[in-house]
Amino acid sequence: MGIRVISTQPFSDQKPGTSGLRKKVPVFQQPHYLENFVQSIFDSIAAPKGAAMVLGGDGRYYNRAAIQIILKMAAANGFGKVIVGRGGILSTPAASCVIRKYQTFGGIILSASHNPGGPDGDFGIKYNSSNGGPATEAVTEAIFARSKIINEYRIFDAGDVVIDKVGVSTLGDMQVQVFDPVGDYAELMESLFDFAAIRNLLSSGFAIRFDAMHAVNGPYAKGILERRLGAPAGSVMNAAPLEDFGGGHPDPNLTYAHDLVEIMYGGNAPDFGAASDGDGDRNMILGRKFFVTPSDSLAVIAANATLAPGYHKGLAGIARSMPTSAAADRVAQALGIPCFETPTGWKFFGNLMDAGKVTLCGEESFGTGSNHVREKDGLWAVLFWLNILAVRKQSVESILREHWAEYGRNFYSRYDYEGLPTEAAHGVMQHLKNSFATLAGAQFGKYTVKFCDDFSYTDPVDGSVSKGQGIRIIFTDGSRIVFRLSGTGTEGATLRVYLEAFEADVAHHHLDAQAALAELIRIALQVSELKQRTGREQPTVIT
Ligand code: VG1
Ligand code: CO
C-alpha cells in the first residue's frame with residue numbers, strides 16, 4: 001500500500017458549467033475521467049498539507065464509487081482529514097453548512113442536481129471553497145485550464161473505506177470522519193426559525209405535504225418536518241433517496257413534481273405543499289390549488305423576513321439573478337435596501353454575502369437562500385414559509401394576493417427548449433445579437449423596446465467581469481424577454497426564454513400568467529425566429 005502516481009492524458013471537455021462539471025454517467029466512468037478532474041481541482045486550489053475537506057453527494061448512481069476514488073486521491077494529495085456524510089449523502093446546502101461550521105479548506109459535492117440519475121443518467125462534481133460556496137469563475141477557469149494539460153494524478157492504493165457507519169478511520173496519514181449528514185444542518189435551521197410556532201401550526205390541523213422526489217432531502221425533511229416539528233408521519237412523501245430517483249426527474253416544478261401537484265390541486269388538498277430537487281438546493285412552494293413562482297417567493301420572504309428570529313434585525317440587501325423577476329426589487333426599494341442583479345448561478349452571490357452586502361438571494365429556477373450558508377437551500381425556504389404562515393395565520397394564496405396588491409404583480413414564466421441541435425441554438429442567439437440595432441426603439445403592439453443587450457456583470461466586490469450572460473430585450477414599461485443558453489445540460493443545447501410583465505392594477509392580478517404573457521411570448525418567438533431556426537413548435541417545459 002502507498003501512493004501511486006498514474007500517468008494520464010487530458011480530456012478536452014472538462015469545463016465546469018453553471019454549477020460544476022456535469023456529464024452522463026458513462027462519460028464519468030471512462031478510465032481516468034473523474035480522476036483527471038479531481039486532480040485538476042487539487043492542483044488548482046493548492047490546499048496546505050494536512051488540510052481538511054468535506055465530501056458528499058446527492059446519492060445518485062456512481063456517488064458511492066466516486067466517493068471511494070476521491071477519498072483515495074485526497075489521501076495521496078496530502079489532505080489530513082475528509083469529513084464524509086454517512087452513506088456518502090450530503091445535500092448541497094448541508095455541505096455548505098458543514099464546510100463553514102468546521103472551517104474546512106473547502107469541499108467536493110457530487111451531484112447533477114435536478115437532472116435524472118441512473119446508469120444512463122447524469123452525474124456531476126463541483127468544488128466549493130472555504131466560505132462554503134461554489135468556487136468563483138476564476139477558480140473554475142483555473143481547474144479547466146489544468147484539466148487541459150494534466151498528465152498524471154495521485155491515488156492511494158488501499159481497499160474501500162467504510163462510509164455507512166458514523167466514526168473515524170484512516171487512509172494512510174489521512175483521517176476519514178463519517179458523520180450524520182442531517183444533525184448540523186437541522187441545528188442551523190433551528191437557530192434561524194421559530195420551531196415552537198411552526199410546531200403549534202402543524203399541531204393545529206394545518207396540513208403539509210413535502211415531496212422529496214426520492215432525492216437527497218428525504219432524510220432531512222423527515223428529520224426536521226416530521227421528527228423535530230411534529231408533522232404527521234407521511235407528510236414527507238417519496239422520502240427514500242434512490243440512485244435513480246425512482247426513475248423520476250427530481251426537478252421541483254409543476255411538470256416533474258406531478259405526484260405532489262395532483263395532491264395539492266385535488267380534493268381535500270393540504271394547506272401547504274413543497275418539493276425539492278436531487279441535491280436539495282431547489283424548492284417549489286404551493287398553497288392549496290395555488291403555485292408560488294420562485295421570483296414571488298423570494299419577494300414574499302424578503303417582505304416578511306423579520307418574522308423569522310434569524311432575520312429579526314432585517315436585511316442588508318437582496319440579490320437576484322438577471323433572469324429572475326423584479327418582484328424582489330420592489331420589496332428592496334420599499335425597505336430602502338440595495339438590490340443586486342447577478343448572472344445566473346449561485347457562485348455569483350458568494351462575494352456579495354461574504355462582503356455583508358446582501359442577506360437574501362434568489363433565482364427564478366426554484367432557488368432561494370440566504371447568508372446562513374453559501375448555496376441555495378430548499379428546506380430553508382420551506383421552513384421560512386412555514387414560519388411566515390405560523391405568524392400570519394393566513395393561506396398561502398391570501399399572502400400572495402396581499403403582496404401583489406401592495407407591490408404590484410410581476411407576471412413571470414420560463415420556456416425551456418431542451419436538447420436542441422447546438423448549432424441551431426447558437427444560431428438563435430447570434431441572430432438576436434445581430435438584431436440589436438433594428439430592435440432598439442421598435443414597436444410591437446403595446447410594447448416598445450427600450451434597449452437590448454448581452455448582459456455583462458462586474459462583481460462589485462472583486463471587480464471581475466463576466467460577459468455573455470444572456471440577451472435582454474427590455475421594454476419601456478419594464479417588461480422583459482431574456483434568452484439564455486443553459487450551462488447545466490448534458491445533451492445538445494437547452495435554450496431558455498424568460499418572460500416578465502409588470503401589472504400594477506389589482507383588477508388584473510387574478511389573470512393566468514400564460515394569458516398575461518401571451519403577447520410577450522408571441523414577440524419572443526417572432527424576434528428570435530426560434531421555430532424556424534430550431535424546428536421546435538413547443539417548449540419542452542414551461543415553468
Ligand atoms: C440552472 C438554473 C440556474 C441554477 C443552475 C444550478 O442553470 O437556470 O439558475 O443556478 O441550474 O442549479 P442553467 O445554466 O441550466 O440555466 V442546480 O439546483 O442544477 O445546482
Ligand atoms: Co440542485
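V461 is placed in the loop between β22 (457-458) and β23 (465-466); helices (H or I, at least four residues) and strands (E, at least two) are DSSP runs, numbered from the N terminus. This is a predicted model, in which local features need pLDDT of at least 70 and side-chain atom pairs count only at pLDDT 80 or more, while totals for chains, interfaces and linings use all residues. Residues are numbered from 1 along each chain as its sequence is written, chains are lettered from A and ligands numbered from 1 in the order in which they are written, and side-chain values use heavy atoms, with hydrogens and water left out.

With a relative accessibility of 40%, V461 counts as partly exposed. Buried means under 20% relative accessible area, exposed over 50%, and partly exposed in between (1.4 Å probe, protein chains only). From V461 to Q29 the separation is 432 residues in sequence and 39 Å in space, C-alpha to C-alpha.

T540 belongs to the loop between α18 (530-534) and β27 (541-542). T540 is also partly exposed, at 40% relative accessibility. T540 and D416 are 124 residues apart in sequence, and their C-alpha atoms are 5.7 Å apart in space.

**The cobalt ion**

Ligand 2 is a cobalt ion, coordinated by S113 (OG), D277 (OD), D279 (OD) and D281 (OD) at 2.0 to 2.1 Å. Donors are N, O and S atoms within 2.8 Å of the metal (3.2 Å for Na, K and Ca); water is not among the atoms, so sites may look incomplete. The spacing of the donor residues in sequence is S-x163-D-x1-D-x1-D. S113 lies in the loop between β5 (106-110) and β6 (122-128), and D279 in the loop between β12 (272-276) and β13 (283-287), so the pair ties together parts that are 166 residues apart in sequence. S113 is buried, at 3% relative accessible area, and D279 is buried at 3% relative accessibility.

**Ligand 1**

There are 19 residues around ligand 1, and T18, S113, S365, T488 and R496 come nearest; a residue is near a molecule if one of its heavy atoms lies within 4 Å of it. The shell residues divide into no nonpolar, 10 polar and 9 charged. Asp, Glu, Lys and Arg count as charged; Ala, Val, Leu, Ile, Met, Phe, Trp, Tyr, Cys and Pro as nonpolar; and the others, Gly among them, as polar.

The table lists distances from an oxygen atom of ligand 1 to a side-chain N or O atom.

| Residue | Distance to ligand 1 oxygen |
|---|---|
| S113 | 2.5 Å |
| D277 | 3.1 Å |
| K376 | 2.8 Å |

Terms used
A polar contact is a pair of N or O atoms within 3.5 Å; within protein, one must be able to donate a hydrogen and the other to accept it, and residues adjacent in sequence count only if both atoms are side-chain atoms.
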